[in-house]
Amino acid sequence: MEEEAEPNFSAFPFKPYSIQTDFMKSLYSFLNKGGIGMFESPTGTGKTLSIICSALQWVVDRKEAVNSRVLDDNIQKEDQCVSSDIDEPDWMKDFVLDKTEDKKKNKGKKLGYEKKNACRDLLARSNDNEGVEMGEKVKKKKVELSEEEEFLVEEYESDGGDGVRLKRKATGDNSSSDDDDEEEDGLNEEEEEEDFKVYFCSRTHSQLSQFIKELRRTVFATKLNVVSLGSRKNMCINKEVLKLNSSARINEKCLELQKNKNSRVSKVKVQADGGRIRRTKASAGCPMLRKHKLQKEFKIEASEHDALDIEDLVHLGNKIGTCPYYGSRKMTPAANLVVLPYQSLLFKSARESLGLKLKNSVIIIDEAHNLADSLTSMYDSRISFSQLEKVHRQLELYFERFRNLLGAGNRRYIQTMMVLTRAFLKVLLGDKDSGSLTLGEKSSEQKAASDSSMAINDFLFLLDIDNINLVKLHHYIKESNVVHKVSGYGAKRVSLEKGAAILDDSVNVVEGSMLSGFQAFVSILLSLTNNDGDGRIIISRRRHLNSVQKEDGYLKYVMLAGEKIFSEIAEQAHAIVLAGGTLQPIEETRERLFPWLLPDKLHFFSCGHIVPPESILPIAVSHGPSSKSFDFSYSSRTSPNMIEELGRLLCNLTTVVPEGIVVFFSSYEYEAQVHDAWKSSGTLTRIMKKKRLFREPRSNIDVDAFLREYKETVLSLSGNHTKEHPVSQNGAMLLAVVGGKISEGINFSDGMGRCVVMVGLPYPSPSDVELLERVKHIEGLGYPNTIEMAKLGVSNKLYNGDAAQAGFSVLKGCNRRGREYYENLCMKAVNQSIGRVIRHANDYAAILLVDSRYTSNISQMSFSHPANKLPKWIKDQLVSSTQNYGEVHRKLHQFFKFNKGRCNQ
């Protein structure tokens, strides 16, 4: 067997550390074999660059090897042809040689890139898609519809099975809201698919932009054809559409513009002989897509630049005056590297809409520590009580107005939809046995009720709707465009009721609100077509919080089974790479996403950190300055004594920790409670004598500006004090929240995070019904059937009384998997938060785990102990127990004195 050649990672922009070289070699070797691999590398170790320089080098090498083999095969065939057919006529020999030369030219393209000046026009259409009509051809008569008849659903024919065929009218508008049905005029030409394609996906647009920045540091940004894909909300440049704000409404409006074309533009040209030619040209409804030549210009100009991120593409689209969303989509087939969000690749309908071909591709999923939950949550659906009320009312009004104009089939399906909305409303009102329903009456009498959870079949039987063919109904809704017809008619009625002077924008808002309700209804219907064991239905009834306020009830489908979803991707791809800073425990991920893969067949790589041991100081802090034991468990964390002891700890830290301190709390509510208590007691005043205080904003919009101000404050207050800064402040303190924007994807390198404080163990709320359903599902993965689930001690149907106590009962009833999942959720959140510091080899920081539950005698630690689930590079340095706070303070003083001196040398 031929020995595998040593890969060359010369694209790495500087000399790699040994762990980076090991990472790249392991990934390259894995890609040669294919399959599923998990690659764990701590944040700050150059993971992204290692992925780029290994995976893309593999693509380059693979293409060169294939092209070389093809060239050799062609030469061999040429030689055979010359030797065996020496008596062939000269014209035949010339034809064969010319054909071979053409193949060589085609294969000479730079890794899938055509020459800039020979870039094929994807969007070009013969004569700009103009049709020629000679003389006075018969024109199609326009059917003038009355203002209300335009909302009439077209007639249809049922084939007797699950399909529905519409009887198309000459002027009917048969648009559909699904991406699958998009037929944008002039935008559906296809380009040859690139054989070697890498998909890189991450969770947020900012993480994808960071990836592109790292890519630009390598030669691959120039050598490979790279395209970034984003959502319509992030890439749309139509100002009128962007005003809608909602992602769902922007998607709908965009598709509506593509399907509702402008009237065909008609021009008459008089020729020299007196004859006339009428030219007609179809034009897209969106002004950013009317000129197909601009889409061509966008593609050419984008290909002339190195890798562009989403912001760059939007800037280019604004400059040219054409849509960057569709422009980037049309660049996908010829790309070697596609950079895109999770949802675009992992969600089936989005993947199909974008036309992504996964066959034999390499898929790299970054930040994969919560992949199983992220994947299943994409298939969740939810509709609120108020949305159901509106949908039911609009269906009733529509049916009342058009029942005599609708065909029998349309009447039957619309009546079926009303039966379903009525049944859903009854169950949310707790009135499933009532023979009639008057909306708005019984809801006011409804008392606080327990949440319910049940399987799909149980839900259908409970509501007596198990005899309805939901697959056929969903197909009808999709094909008939009934959702747009009903919501459009509803919006029209509202505008008439409010007066003719109502603005078009107001009508759009009303229609958008109605449309979102219908979309939620259709999503629930689709969810109910899943297999019975794939998920659960959550019924949350309306609750009266007080005499004035009430909490809206809802129906929600929670997808639990991720293996089937993941298998659809795994079956097509050559290799799937799951990458992250903390991927442990890998067995949980395997059992939930690819249980068919035996543990010894899973490729797993993990490495340490690039920082030396003396650059980190993790300490489990069990006692505060006044010797009180720290206990931030669910029942103790709100104690005034506990909150004040935490305040004393932070006051002491401000005197010993230079520059920035980041403090993580378990929730926004708890952070607010602690902040208010400190404000009343004067603790905040003492903290602010040494550090300027910042609090993480709940709104994502404010985060970037907020972090800039925090960084500038740390830099300005941490230097040598001058006349401009005579105060004694020596940095800043940031109060943040686990699971918030700051805890994931934000880097607190150097002075921004010299110390990170984790307050308690941020376990998810045990009263969360969805969480408990996931716990029970994961616990059941170990059982051949659901009989054993009775051991969990809580009914699958109702969570009565104290919801938190019911949750604890479920957790106590778990044998292993369910409890481990619950514990792992907590520790993954801890690891993500404390991993925000230490971002490069010369960085240093202290990590304080403030809770007595973190401390233990190492020899007595069980696997489930929190300290055992810390990343290895932290766990190996952990000071797991201290005699008192004085010892903690002394260690911190020595640590910062040593590292400050080391950095000044």
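Author: Let us begin with a single bridge in this predicted model. Ile616 has Ala845 of β25 as its bridge partner. That bridge belongs to a set of six that join strand β19 (residues 616-621) to β25, and the two strands run parallel.

Reader: Which strand pairs with β25 over five bridges, and in which sense?

Author: Strand β23 (residues 755-759) does so, in the parallel sense.

Reader: How many residues of β25 are buried?

Author: Burial is read from relative accessible area, with under 20% as the cut-off. In β25 (residues 845-850), six of the six residues are buried. Both faces are covered, with Ala845, Ile847 and Leu849 on one side and Ala846, Leu848 and Val850 on the other.

Reader: Which residues touch the most other members of the largest nonpolar core?

Author: They are Ile365, Phe424 and Phe459, in a core of 102 residues. Helix α16 (residues 408-429) gives the most to this core, with 11 residues. Another core lies apart from it and has 43 residues, including Phe39 and Phe211. As for Phe424, its contacts beyond four places in sequence include Leu388, Phe459, Ile465 and Phe521.

Reader: How should I read a buried charged residue, and what is the nearest side chain of opposite charge to Glu40?

Author: One looks for a salt bridge, for which the cut-off is 4 Å. Glu40, in strand β1 (residues 35-40), is buried and has no salt bridge; Lys828, the nearest side chain of opposite charge, is 9.6 Å away. The side chain of Glu40 does make a polar contact of 2.8 Å with that of Ser606. Among the other residues that Glu40 touches are Gly580, Thr582, Gln584 and Phe605.

Reader: What should I look for in the backbone angles?

Author: Most residues other than glycine have a negative phi, and most peptide bonds are trans. Here, the peptide bond from Gln584 to Pro585 is cis, with omega near -5°. Pro585 is located in the loop between β17 (575-580) and α22 (586-593).

Reader: Where does Asn481 lie, and is this residue buried or exposed?

Author: Asn481 lies in the loop between α18 (470-480) and α19 (482-498). Its phi is positive, about 65°, although Asn481 is not a glycine. Asn481 counts as buried because its relative accessibility is 4%. Ile838, in the loop between α29 (817-834) and β25, also has a positive phi, near 60°. With 0% relative accessibility, Ile838 therefore counts as buried.

How values were computed. Residues numbered from 1 in each chain as written. Predicted model: local features only at pLDDT ≥ 70, side-chain atom pairs only at ≥ 80, totals over all residues. Heavy atoms only, no water. Helix = DSSP H or I, 4+ residues; strand = E, 2+ residues; numbered from the N terminus. Buried < 20%, exposed > 50% of the residue type's maximum accessible area, 1.4 Å probe, protein only. Lys, Arg positive; Asp, Glu negative; His and termini not counted. Polar contact = N/O pair within 3.5 Å; in protein donor to acceptor, adjacent residues only side chain to side chain. Contact = heavy atoms within 4.5 Å. Core = buried A, V, L, I, M, F, W, Y, C linked by side-chain atoms within 4.5 Å. Pairing = 2+ DSSP bridges.
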